Amino acid sequence: MNADPRRQQADALLKNLQQTQGGQLKIFLGAAPGVGKTCAMLNAARERQQQGCKVVVGLVETHGRADTEQLLQGFELLPRRELNYQGQSLTEFDLDAALAQKPELLLVDELAHTNVPGSRHKRRYQDIAELLAAGIDVYTTLNVQHIASLNDLLLQITGIRVRETVPDAFIDSAQQLVFVDLAPNHLLERLAQGKVYLASVAAQAQQQFFQLESLTALRELAMKRVMNHVDSQLKTEQQAKARHNDYLLQDKLLVLISNRRDHEYLIRAGRRVAEKRQIPWLVVWVDTGALQTPQAQQRLQSAFELARELGAQTDILRGPSTYQMVLPYISDQRINTVLVGAGQKRRWLPWRQPLYQQLIRSGLPLEVSVFRATERDKSAVTPPAAPLFGQKAGYMFGVLTTALASVVSVGLQTVLPSGNLVLIYVLAVVSCGLKYGARPALFTALLGFVSFNFFLTEPYFTLNVNKGDDVATLVFMLLIGLVCGPAASRIRQQLLLLNAANRRSELQRDFARQLTLVHQQQDLWRCLASQLKQALGCPVHLLYWPDESAAIEPVPEQPLLALDWAVVDWCRRHQQTAGRFSQTLNASRWTALPLQSDQQTVAVMLVDFPASVAVLRPDEHDLMQSFCQQAVQVWQRLQISSELESSRVKAEMEQLRSALLSSVSHDLRSPLAAMMGSAESLQMLDGQLSPDDRHELLQTILLESQRLDRYIQNLLDMTRLGHGGLKLQRDWVALDDIIASARQRLKRFFPQQELWYQTETDLPLLYVHAALLEQALFNILENAAKYSPPDQAIKIWARANSEQLCIEIEDSGPGIPAALREKVFDMFYVVADGDSKRHNTGMGLAICRGMVGAHGGSVVATAARSGSGSRFVIELPLSSNSKSMD
């Protein structure tokens with residue numbers, strides 16, 4: 001497929017950006033120990049120190065070399081950390097001390113070193129990765145034989161399998177790769193002079209590793225590696241600056257592995273091919289449903305871990321046949337290069353073609369490369385462990401079913417012909433194949449052949465056959481058994497795969513259905529933990545941080561240890577798997593997996609696998625990843641909903657603030673202007689005013705000050721209602737007294753307004769806050785008086801039943817449109833604008849609903865019975881409900 005130049009430029013820019021973030025890594029690469037890597041690193045660090053950079057030596061191994069110890073003078077040395085391992089006191093690089101000191105440049109020797117058990121990380125390159133993430137520049141050293149993808153090639157060159165390797169992806173992330181060179185003959189001279197190793201070690205090293213031909217080959221590999229790194233950086237820079245506009249054909253490499261053999265050499269070969277061609281590559285294993293031994297699971301996990309370290313994408317296919325599943329996968333993924341192992345010749349099934357031959361004859365445009373393990377690789381291959389107990393059980397089952405078939409056939413011999421009796425034995429073969437596989441089924445077919453010949457053919461109880469028909473029957477019976485047995489075994493494998501796929505689909509469907517009902521973060525993590533516990537059969541807990549402190553769902557039976565919290569902290573900060581089945585803090589019994597969203601760890605999942613589980617199966621890892629991805633998507637939905645709700649509240653608050661400012665600017669300014677004008681007239685025209693004019697001005701000041709007081713009181717009431725500061729001091733009171741008090745207050749402001757009141761006899765007493773209820777009724781009456789004609793009375797009705805008391809207030813004003821009857825209870829909302837506002841602040845009805853609601857009641861606006869005006873209906877609960885709500 002054609003690569004988009006714009007995408008290439010974007011990827012290159014992103015790569016450059018990632019390299020500039022955090023600390024800078026510089027690796028001094030050599031062909032072998034003793035070429036001068038450590039000295040070159042110290043000299044380069046001294047130049048940085050002379051430029052004013054703070055340089056600290058985290059760890060440098062001198063191996064007793066005097067020139068190296070002399071170069072260390074003048075540098076600040078970081079004390080080493082002491083660890084107790086198997087009764088011995090060992091020293092190790094102190095990662096925490098380096099992070100606490102945080103120098104500009106830190107020197108850490110021997111990148112491929114394996115840390116002492118009990119350290120935070122298993123490997124030193126992981127320590128350096130944490131230092132880089134903290135923004136610390138690091139200089140380190142590495143020999144070419146420790147590069148992971150070259151491990152098999154180094155085995156062929158030197159005859160030694162190097163166990164300490166560094167992933168190629170980590171080396172590729174280095175900003176600088178410096179080649180430290182020394183001619184092989186000069187290196188051998190240094191070794192003989194004791195400048196590489198001590199005399200006791202030098203002789204053994206020269207015999208095993210330091211051979212002229214081996215050193216020359218290693219030197220060439222180191223040069224090529226540095227050249228590839230420089231070439232990769234050049235291409236990245238060119239792509240970032242869009243220096244070329246040609247389209248490149250992007251190939252894709254597929255590496256097929258098996259769990260029955262050690263295919264790590266195949267993965268390393270795939271890495272070398274992909275790096276040489278600069279193409280993406282995938283590592284795929286096909287699960288055919290066969291029984292997996294612990295050794296096979298361990299090999300598969302190791303292979304996938306190595307593939308991920310080397311930068312490959314991994315995948316698992318499930319089906320009855322590797323060829324049948326790989327063929328459509330190759331077409332879908334547009335793969336044009338396949339790497340497979342040569343496999344072993346099938347002595348008993350010579351007609352079965354190897355996988356690579358099937359791929360070649362598939363007709364697809366493929367380049368198929370076949371890699372055969374070397375003799376040294378074969379020595380590392382672990383033969384598949386046969387499930388002996390399972391086979392014995394299958395053979396015993398075959399014996400029992402054959403015996404049962406023989407008994408039934410002998411009993412039916414006089415009723416049915418021998419051709420029909422054959423089907424009974426075939427049924428036994430199929431049953432054994434479905435339950436235990438092909439081998440026990442084939443054994444059952446042979447055993448049935450002998451039993452049929454012995455019991456059901458003449459002469460009986462011998463293996464001789466006299467009739468030609470019986471010979472044909474026996475031959476056909478054997479052929480049918482040999483065909484049906486393996487066929488039943490394949491059907492069994494397909495059923496097992498189908499059951500596993502159905503179980504996974506059911507779990508995902510149930511989880512998806514439960515996620516639709518989740519509305520809170522706490523419920524989300526509890527649901528995820530419950531579903532994974534059911535799927536994995538072990539305790540699962542989710543840690544999340546709703547605030548500064550951590551929360552865990554569900555709460556574990558035993559509290560987490562300090563080591564477990566360290567696992568959680570590392571997993572959260574670095575967004576990587578930690579704990580058991582990892583290379584970081586793997587002494588913990590918990591396996592921690594991060595749940596990420598936009599480079600943020602939203603939660604950490606802790607899984608307590610049983611002690612009997614030796615490896616984490618790929619299907620379990622994929623299942624956890626699938627569940628976690630669904631949970632993260634729901635978390636994102638909850639976050640978006642929360643942000644939308646917050647935005648809505650902010651918008652409403654902004655609207656309320658604007659309305660408040662508008663109302664305050666108008667309703668405070670109007671009475672203040674009237675009061676100031678009247679007071680100014682009294683001050684300037686005191687001697688010229690008549691007593692009536694003076695009285696009118698004073699009356700204006702009094703009325704406007706009372707209106708201003710009511711407005712401020714309304715603001716205070718709304719503030720108390722909004723913040724829960726309104727306290728109900730209830731008492732038993734009659735409704736007539738509350739109505740009379742509200743009427744008296746109304747007369748002071750509207751002396752001409754008539755009020756008509758009708759009530760049932762013997763109304764029950766109300767258990768309410770009398771002042772608040774009076775204020776609520778007064779707000780409605782005041783609103784009605786403002787809009788009612790002067791000659792029309794405001795009508796009040798009151799009635800009661802066994803549960804509540806109803807108060808209706810009706811005016812004869814213009815009325816409220818049906819679409820606005822609910823909005824009039826919103827703060828600062830006024831139906832009429834402009835001059836028809838009639839000094840209405842829009843708070844009276846909102847305060848009324850709040851005060852009535854505080855008593856457990858309700859208030860609604862409807863149309864008046866007469867057809868003109870508005871009617872407000874207040875419903876209050878009677879004593880039992882009122883007391884219970886207090």
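Buried means under 20% relative accessible area, exposed means over 50%, and partly exposed is anything in between (1.4 Å probe, protein chains only). Keep that handy for the tour.

This is a predicted model, so local features need pLDDT of at least 70 and side-chain atom pairs count only at pLDDT 80 or more, while totals for chains, interfaces and linings use all residues. Residues are numbered from 1 along each chain as its sequence is written, and side-chain values use heavy atoms, with hydrogens and water left out.

**Stop one: R865**

Select R865 first. With 51% relative accessibility, R865 is exposed. (A salt bridge here is a side-chain nitrogen of Lys or Arg within 4 Å of a carboxyl oxygen of Asp or Glu.) The partners are 57 residues apart, R865 in the loop between strand 24 (858–863) and strand 25 (870–877), E808 in strand 23 (residues 804–810). Helices (H or I, at least four residues) and strands (E, at least two) are DSSP runs, numbered from the N terminus. E808 is buried, at 3% relative accessibility.

R865 lies over the face of W797, 4.8 Å from the ring centre. For a charge to sit over a ring, NZ of Lys or CZ of Arg must be within 6 Å of the ring centre and within 35 degrees of the ring normal.

Pick D168 and R225, whose closest N and O atoms are 3.1 Å apart. D168 lies in helix 7 (residues 168–172) and R225 in helix 10 (residues 212–240), so this pair ties together parts that are 57 residues apart in sequence. Both D168 and R225 are buried.

Next, select E822 and R849, a salt bridge with its closest N and O atoms 2.5 Å apart. E822 is in the loop between strand 23 and helix 27 (844–854), and R849 is in helix 27. E822 is partly exposed at 49%, and R849 is partly exposed at 27%. Then highlight D96, R120, E130, D569 and R573, which salt bridges with shared partners join into one network.

Show the open sheet with strand order 15-14-18-17-16 and antiparallel pairing. Strand 15 (551–553) and strand 16 (578–579) are at the edges with a single partner strand each, so one side of each has no neighbour in the sheet. Strand 14 (residues 540–544) pairs with strand 15 over three bridges; two strands pair if DSSP finds at least two bridges between them. Look for L543 opposite I552 in strand 15.

Bring in helix 20 (residues 521–536), which packs on the sheet and touches strands 14, 15, 17 (591–596) and 18 (601–607). Contact means heavy atoms within 4.5 Å.

**Last stop: W732 and Y767**

There are eight aromatic pairs in the structure. Rings of Phe, Tyr and Trp (its six-membered ring) pair if their centres lie within 6.5 Å; planes under 30 degrees apart are stacked, over 60 edge-to-face, and the rest tilted. W732 and Y767 have ring centres 4.9 Å apart and planes at 50°, so they are tilted. W732 is partly exposed at 36%, whereas Y767 is buried at 18%.

Notes: Axes are lines fitted to C-alpha atoms, for helices over the stretch in contact, and angles run from 0 to 180 degrees between N-to-C directions.
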